[in-house]
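Please open the model in your viewer and keep the selection tool at hand. Each stop on this tour names what to select and then says what is there.

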Amino acid sequence: MGWSRLWATGLMLGAVVALGGCLKVERLAVPEAQMADARWAVARVEPAVRVDHGPWTAWLSDHLVVDAEGRTRLAYGEVTLTARQALKTYIRSLERVEVTALTRAQQLAYWLNLYNAVVVRTVLDAYPVDSVKAIDFQGLFTFGPWAEPLVRVGGEPLSLNDIVHGVLRPVFRDPRVFYGLACGALGCPDLNPVAYGAEDVDAQLDRAARAFVNSDRALAVLDPGAGDAKAEIAVSRLYGWFRADFGGDEAGIVRHLRRFAEGARARALAGDVAIDDYAFDWELNDATRPEARRKVDRIEAPAS
């Protein structure tokens with residue numbers, strides 16, 4: 001993202017905060033889905049290289065916990081310096097991958113794992129923080145780490161925004177990718193307990209979509225709408241921010257939710273539905289014990 005676009009985005013997000021989070025204004029601040037580089041659309045039919053995501057699965061198995069509400073969290077304040085180094089080593093291994101030598105399924109798993117690992121590394125480097133949106137790189141008018149170049153792929157510095165809006169959205173054109181992205185906030189979909197893999201990434205995203213849609217973070221039934229009355233629901237602001245990806249309007253959002261909703265949620269969505277509210281919890285997905293919530297000495301990863 002160029003400096004002019006970064007500055008404009010920062011100003012817009014500053015206005016969002018000033019206006020108290022008006023969804024229409026927030027939507028204006030969301031970057032468009034536009035290819036960051038044409039080479040990211042190039043893929044092999046047969047894989048030319050193999051990407052080892054085993055270290056990410058192992059790292060997650062050591063640090064991910066599930067809370068009483070079934071949400072995955074990380075004990076950021078209890079991650080050791082050795083574990084931090086292991087995470088940075090994994091990210092550096094992804095930076096060296098020739099992405100255009102991968103199949104489309106490999107690429108999807110690659111970008112999802114890269115995004116999630118970089119988010120975790122970014123939170124660890126800034127910890128302790130109460131929210132990922134409080135991580136500040138540029139100072140005045142900035143809002144979280146999204147626009148900062150945090151990783152280098154194919155020799156090109158990329159931000160989290162570049163990965164989402166410059167690769168995942170325009171290349172894959174699948175709203176389920178949002179369910180694979182754990183932004184560090186409780187309001188986001190959960191961090192998957194294992195790395196995404198080319199062999200089953202499609203099924204993994206289906207499971208992630210079903211898990212999120214059937215949680216109050218994504219869809220809460222306010223009124224089931226008995227008789228001829230419309231059901232009233234509250235949904236995640238994620239659907240409002242990226243409405244273009246979820247059908248283009250509120251009717252499209254409801255159609256998308258019907259694909260994955262179960263039980264009482266599915267019954268509420270079966271008839272006429274009105275979206276009454278949008279909500280999002282920016283609290284950090286932290287599981288650190290209070291006595292361990294402290295600043296851990298940073299270590300610099302060697303140049304890759």
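**The whole chain**

The secondary structure of the protein chain comes to ten helices and seven strands, where helices (H or I, at least four residues) and strands (E, at least two) are DSSP runs numbered from the N terminus. This is a predicted model, in which local features need pLDDT of at least 70 and side-chain atom pairs count only at pLDDT 80 or more, while totals for chains, interfaces and linings use all residues. Residues are numbered from 1 along each chain as its sequence is written, and side-chain values use heavy atoms, with hydrogens and water left out.

Of the 304 residues in the protein chain, 53% are buried; buried means under 20% relative accessible area, exposed means over 50%, and partly exposed lies in between (1.4 Å probe, protein chains only). Contact means heavy atoms within 4.5 Å, and among contacts between residues at least 6 apart in sequence, 73% join residues at least 24 apart.

**Helix 4 and its cover**

Select residues 81-95, which form helix 4.

**The largest nonpolar core**

In soluble globular proteins, nonpolar side chains tend to be buried together. A nonpolar core is a set of buried Ala, Val, Leu, Ile, Met, Phe, Trp, Tyr and Cys residues joined through side-chain atoms within 4.5 Å. Select Trp56, Trp111, Leu114 and Tyr239, which touch the most other members among the 90 residues in the largest such core. The largest share of this core, 14 residues, comes from helix 5.

Stay with Tyr239 for a moment: which residues is Tyr239 in contact with, leaving aside its neighbours within four places in sequence? They are Tyr179, Phe212, Val213, Ala218, Phe246, Ile253, His256 and Leu257.

**Aromatic rings**

Rings of Phe, Tyr and Trp (its six-membered ring) pair if their centres lie within 6.5 Å; planes under 30 degrees apart count as stacked, over 60 as edge-to-face and the rest as tilted. A search of the whole structure finds 16 aromatic pairs. Select Trp241 and Phe280, which form a tilted pair with 5.0 Å from centre to centre and 55° between the planes. Trp241 lies in helix 8 (residues 237-241) and Phe280 in the segment after strand 7 (273-279), so this pair ties together parts that are 39 residues apart in sequence. Both Trp241 and Phe280 are buried.

Then move to Arg104, whose charged end sits over the ring of Phe172, 5.8 Å from its centre; a charge sits over a ring if NZ of Lys or CZ of Arg is within 6 Å of the ring centre and within 35 degrees of the ring normal.

**The disulfide**

How many disulfides does a search of the whole structure find? The search finds one, and a disulfide is a pair of cysteine sulfur atoms within 2.5 Å. Select Cys183 and Cys188, which this link joins with an S to S distance of 2.1 Å. The link of Cys183 and Cys188 is right-handed, with 105° about the S-S bond. Cys183 is buried at a relative accessible area of 6%, and Cys188 counts as buried at 8%.

**Backbone details in two loops**

Most residues other than glycine have a negative phi, and most peptide bonds are trans. Select Tyr127 and Pro128, which are joined by a cis peptide bond with omega of about 5°; Pro128 is in the loop between helix 5 (104-126) and strand 3 (149-153). Val129 is found in that loop as well and is buried, with a relative accessible area of 12%. The C-alpha atoms of Val129 and Leu284 are separated by 7.6 Å, although the two are 155 residues apart along the chain.

Finally, select Arg173 in the loop between helix 6 (160-172) and helix 7 (201-213). Phi of Arg173 is near 45°, a positive value in a residue other than glycine, and Arg173 is exposed, with a relative accessible area of 69%.

Conventions. Expected span 1.5 Å × (residues − 1).
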